[in-house]
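Hi,

Here is the structure I promised to pass on.

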Amino acid sequence: MYREHDLSYDFLGIHLENPFILSAAPPTDELDMAIDGLKAGWAGVVLKTTSVESNPVNLKYPMMSSFGTAAHKLWGLGNIDLISQYHIDEVCERVTALKRMFPTKMIAASIMGSQKEDWQSLVKQLKKASVDLVECSFSCPQGSMGEAPGRMLAQSVEATEKVARWVKEAAEETPILIKITPQVTDIVEIARALKRAGVDGVTASNSVPALIGVDVETLEPRPSLFGEGAYSGMTGMAIKPLTLRTIAEIARNVDITISGNGGAYSWSDAVELMAVGASNVQFCTLPMHHGFGTIRDLKSGLADYLDRKGCASPLDIVGKALKNIKGQEELVAPCSHSDIDLDKCIGCGNCFRACSDGAHRAILWDAEKRQPSVDAEKCPGCGQCMQVCPVNAIRMKEELDGKVHYFEFKGTR
Amino acid sequence: MEEFEKTLSRQQAAIEAERCLYCYDAPCQVKCPAHVPVPEFIQSIRSGNLHGARTILQSAHPFIETCGRICPEEAFCQSVCTRSKIDAPLRIRELHRFVTDSTDPSDRMELPEPSLGKVAIVGGGPAGLACARELRVRGFSCDVFEARQVGGVPSQEVSTHRYPREVEDREVRFLTSSFVANVRSERVTDVKPLVGDYDAVFVATGLPSESDLNVEGIGLVGVYHARDLLRKMKSGTISGAGNRVGIIGGGNVAIEVASMLREEDPTRDVTVVYRRGIKELKAFKKEIEEATTLGVTYQFLAIPDKVVGNDHVEGLEVTQAHLCGEDESGRCRFEPLPGSSFIIPLDTVVVAIGQRIDEDVFPGLVRSASGFISAAENMQTSMPGVYAGGDAVHGAQTVVEAVRDGKKAAEQIAAFVAGGK
């Protein structure tokens, strides 16, 4: 009925009909689920991470937990999941079947090994199954399958580089992505090691190692398996700012292709990840929460955005925000202060209280009219009042060399 | 009788609490006559600290079980909720009720020795008990004189579908035990004898009697006073009303008795006969809605002229009214349409046109033009040391306003006794 905006482009030589990929996670762990996802409109799948036959996968249930508020239960989702219980032979069969059913979609697989022979044989078998791309998990939060037990492979620069070389050597022309963890001292060092190793790109980044919660009545961690629990990998909305920083930091310093992953919940989140350097965006928590049908809004939201911005291709937005990201010390400080729109103000007094108890005591309160006003002399324009205003009636007015700029609240959709 | 309104679930309450803006100097708290710290107790719901929420409510207000159920929120807290400028006001009363229904009364009240003085409180309703609690907390001992059931109008006259017996028991038992008020089952009609025995007296009798309608036939068998019927039904006695009942009035008592008569016998026709229109009904919105749900019907714009019948009521003759502007107080005026009389066939007529204090009680206390007890801004009556508040002074009002009066009177009495010693 309506014209569909063309969202297609090439990613590492692979055709993508849109930038939205189902990541290596439960939504891609069954063949029929992957089929449904692709039918719904996702541009590709990364099948859940597999391993060699000899590797036992002992899953523990319940594995999921989450945190949030009564109205927003799922700010963060945690799992103590491991890799797939399906081994490489089964996954290769699925790759072949999916490639036959969906020749224009990206059919990728994710692998994890320990020995050089494992990594290389996994890649070679997938190549034979005509996989489009192989992603290597160097960062499963529960995994101790890298070099040092209890650590993630991608937490060691040396191990990351060495294993990445093994993989790329076996992959030859097949694109390789390395999925890394944000929990490192210096993400740039890891990305540089991957660049040296010659892999095609980096998936930034995996779930964040986390302790989802402790029940204050029983002191059981969450999730609780007979009263005991382990650290989870955290995903979902709560981690998006961490992912953005990870992607931006890599993109600002290393010339390497990035697949964005971690915390995107909408088309605009995806645009953010792409604007700081991701060439596509992988999703897991969103379909695990609201299903594969979410792809429709991702596509139409992105198409509308590209129309509005006059962009022909999603590639036009990749890295476009990077030039605006600087070190704090590099920023010029305009003369700034809070600017309250009294027509929008509903008189709740949150700005007054936040400024009084948490900022500069620069907002005055007319108790009679229930109206705030700004003491421009005292207000340095820190911006806390605009964070607490429930109706976004406050913005920061910045002035520099006679030019005025307004910084408005954009924290929620 | 099952309650109309269900308590919010924990999840509903938590989601509703998240809508609160936690306004600075919150209008809801200012508007509440008892100044319940609304944002604070909602904050505690949000954090899952229900006992903390209960303590906040209980500290501000002795009748929290009652007000969580029957407070007309549209008149107080919710009418000024800032959230309504975004979408809709918080369901503050329902959150309040969620707290009282989810927790037991807190027994952590610390009471000083009652050494500061002795106060007589005439009337064991909301105003009297609120005053007694406040005085006890301040270190006074109180004797509460109550001829009827302790608890006042809510206990005696509010239908169990809005204020169930077990809730009332919990509230009144807690109130009369926690601060060790000495309840004396005596009817006081003169405060002078009390003045010598006590350091101060607080008169909070409410309005024990009912106004009469001066029309022909009012003495027929089958004509009742509304509150007599309410008390009868609330105490478990059959009302004795017939199958076609007309209720004269448009206030809360009229609507309440109409609802209870329908509850008592759902096959009986109950019609509220009111001189003005639907918009002018003085009863609270929620009570009108509940009455409608119960099947109460209305005859608006009907001025009662005469109760028709020989010995027994056979009907009510009314004249059609015409609404014509407002009087000085903003009240809607009406006038009869000549020649428009008709008879509503009824076997029972219930009069619910107002309440009063008998003229012969409390000699020596000056009355207002409306016949209520006169009290100054500081709540003192014409007699030094005798204070008055609640419906007895202001005419029929709400429980929370009676509580405000009780608290305020306690403060004034404490100052008075301290000054005299």
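In chain B, helix H11 (residues 226-234) and helix H12 (residues 252-264) have axes that come within 10 Å and cross at roughly 45°. That angle makes H11(B) and H12(B) oblique to each other, and their crossing is left-handed. On the H11(B) side, the residues in contact are B:Ala226, B:Arg227, B:Leu229, B:Leu230 and B:Met233. They meet B:Val253, B:Ala254, B:Glu256, B:Val257, B:Met260 and B:Glu264 in H12(B). Sorted by class, this contact has eight nonpolar residues, three charged ones and no polar ones. Do keep in mind that this is a predicted model.

Helix H6 (residues 240-253) of chain A packs with helix H7 (residues 267-275) of chain A at an angle of about 25°, and their axes are 9 Å apart. Angles under 35 degrees count as roughly parallel, so that is the description for H6(A) and H7(A). From H6(A), the contact uses A:Lys240, A:Thr243, A:Leu244 and A:Ile247, while H7(A) brings A:Asp269, A:Glu272 and A:Leu273. By class, the contact of H6(A) with H7(A) has three nonpolar residues, one polar and three charged.

Best wishes

Note on methods
Residues are numbered from 1 along each chain as its sequence is written. Chains are lettered from A and ligands numbered from 1 in the order in which they are written. This is a predicted model: local features need pLDDT of at least 70, side-chain atom pairs count only at pLDDT 80 or more; totals for chains, interfaces and linings use all residues. Axes are lines fitted to C-alpha atoms, for helices over the stretch in contact, and angles run from 0 to 180 degrees between N-to-C directions. Helices (H or I, at least four residues) and strands (E, at least two) are DSSP runs, numbered from the N terminus. Angles under 35 degrees count as roughly parallel, over 145 as roughly antiparallel, 65 to 115 as roughly perpendicular and the rest as oblique. A crossing is left-handed if the near helix is turned anticlockwise from the far one by less than a right angle, and right-handed if clockwise. Two residues are in contact if their C-beta atoms, placed from the backbone, lie within 7 Å. Ala, Val, Leu, Ile, Met, Phe, Trp, Tyr, Cys and Pro count as nonpolar, Asp, Glu, Lys and Arg as charged, and the others, Gly among them, as polar.
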